Amino acid sequence: MHESPSSETETAAAETVAAAPAQPDDTARNRRVITLLIVAAFTVILNETILSVALPNIMGDLQIVETTAQWLQTAFMLTMAIVIPTTGFLLQRLTTRTVFLLAMGLFTAGTAISALSPGFTPLLLGRIVQASGTAIMMPLLMTTVLNLVPPHRRGAVMGNISIVISVAPAIGPTISGLVLQVAPWRFLFLVVLPIAALMLAAGARWVENVSETSRTRIDLVSVILSAFGFGGLIYGLGTIAAPRADGSLPVAPVIALVIGVLALAVFIRRQLQLQRTDSALLDLRTFTYSRFRLALIVMILAMGAMFGVIILLPMFLQRALGYETLQVGLMLLPGGLLMGLLSRSVGRAYDAVGPRPLVIPGAILLAASLLALSRISTDTGTLYVLTAHIVMSLGLALLFTPLFTTALGTLPPHLYSHGSAAVGTLQQVAAGAGTALMVMLMALRSEAAAHSGVEPAAALTAGVGFALLVAGCAALLALIPASMLTANPSASEEQAAH
């Protein structure tokens, strides 16, 4: 029977992975390296959302306006989007130990600068340095796991990585709210600083080189195009959701989006040329594998919905229902903890049954929870919101581990670092796009309700409900690619070999 080109490519990749002897993951060295990377990654990813509820405190202390303070979040995301595409090159050129020390060193330095900053400019610089280390850490973690863990056991280990990817951003606002109840905003960094320093020292002592390096050269033109492309997209998406007083869109975000799209188009064309000689900054051959593409589509929809809810649900609870910051944080905490508790079990289940029996129910639960939340009103009770958020968290727990394991596990070893970089980059784009779209839909619907004479709290509620309804419909669409996911051939072959 004749196979399609993509099928032949994936079969060849599976044979390559199966033929290559996997390094055992039951040695003390490998367990120690992976554990250190997971704890370090959780620490750095937590900071992506930890300032989300602290901006009013920072504005009052530093005497800055909201648009200025928002740059502390925007600059973090911008830096992540610019640095992550370069990590494929870094992971091929530098050793595991060097990359870890670089990532954790940057993060620790950025945290110290932020904690000690006397004004806004040093604080912004500290956030940029922090983000540079954060951007390197996640691709390093994923690539190391793929190199050290055999395919038939990756699900369980990827379950731990899902804790980093999904739980850390989800509980960031909760931790921030708890700290701000008893201490000034600088303690958000002072609490993290000793942990970061400890991880840096532990890495210097125990992280060993577990990967091979190559003399790959970096293409500076690709770096510049990547910065304008992904940076323009993230900046545009992050700032376009706030229309002017006259209802029109601000000009700068639109220009940034146009520049971003054009630069990205040129970037893609250049990578397609460079990958013929294995010199691409971001090798796009990862997208020739159908399982990688399908898993990323579902991941983008789920990630966009999650970050949109992280923004909109606290807004509804605080401004429509009158909840305090700490109350909001505690209400969202059970869902975040549930994702953490289930991640490893979901990973083991993936090793046993593959992605489809987990991803399809996960997408259904995600869609059902979003559609339930879309029916909120100013009379909605705490139990209703809490239950819907827990159901959503359960759906996300069933999604993330199988999606990341399937996407990266289908790639041959020489594309691991590029696949990890692509996943990390698209995570940032999905978070920015999801947040921008849902905030824009909320603003448009709220404005229409306000013009019809509805009270401000009810108008905001109508806007949030409409945005969540659209997100729920998008989650339903995710069922299409989710139903097409199959187990990676390398996993079944590895199990048969044992």
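The model is predicted; local features need pLDDT of at least 70, side-chain atom pairs count only at pLDDT 80 or more, and totals for chains, interfaces and linings use all residues. Residues are numbered from 1 along each chain as its sequence is written, and side-chain values use heavy atoms, with hydrogens and water left out.

The chain has 20 helices and zero strands. Helices (H or I, at least four residues) and strands (E, at least two) are DSSP runs, numbered from the N terminus. Of the 498 residues, 55% count as buried. Buried means under 20% relative accessible area, exposed over 50%, and partly exposed in between (1.4 Å probe, protein chains only). The accessible surface of the chain comes to about 19,900 Å². Carbon and sulfur atoms hold 66% of that surface. Areas come from the Shrake-Rupley method with a 1.4 Å probe; for residues, only the protein chains shown count as cover. Among contacts (heavy atoms within 4.5 Å) between residues at least 6 apart in sequence, 83% join residues at least 24 apart.

The largest nonpolar core has 127 residues. Such a core is a set of buried Ala, Val, Leu, Ile, Met, Phe, Trp, Tyr and Cys residues joined through side-chain atoms within 4.5 Å. Met104, Met137, Met138, Phe292, Leu370, Leu396 and Leu399 touch the most other members. Helix H13 (residues 290–319) gives the most to this core, with 18 residues. Apart from this core lies another, of 21 residues, including Leu62 and Leu180. Phe292 touches Thr286, Phe287, Ala407, Leu408, Thr410, Leu411, Gly419, Ala422 and Val423, not counting residues up to four places away in sequence.

Helix H3 spans residues 55–62, and its residues Leu55, Ile58 and Leu62 are buried. Seen down the axis of H3, the buried residues fall within an arc of 60 degrees, so they line one face of the helix. The arc is that of the directions from the helix axis to the C-beta atoms. These buried residues pack against helix H4 (66–69), helix H5 (71–83) and helix H8 (120–148). The face turned away from the buried side carries the exposed residues Pro56 and Gly60.

Gln63 follows H3 and lies in the loop between H3 and H4. Its phi is near 55 degrees, a positive value in a residue other than glycine. Gln63 counts as exposed, at 72% relative accessibility. Asp278, in the loop between helix H12 (251–274) and H13, also has a positive phi, near 55 degrees. Asp278 is exposed, with a relative accessible area of 52%.
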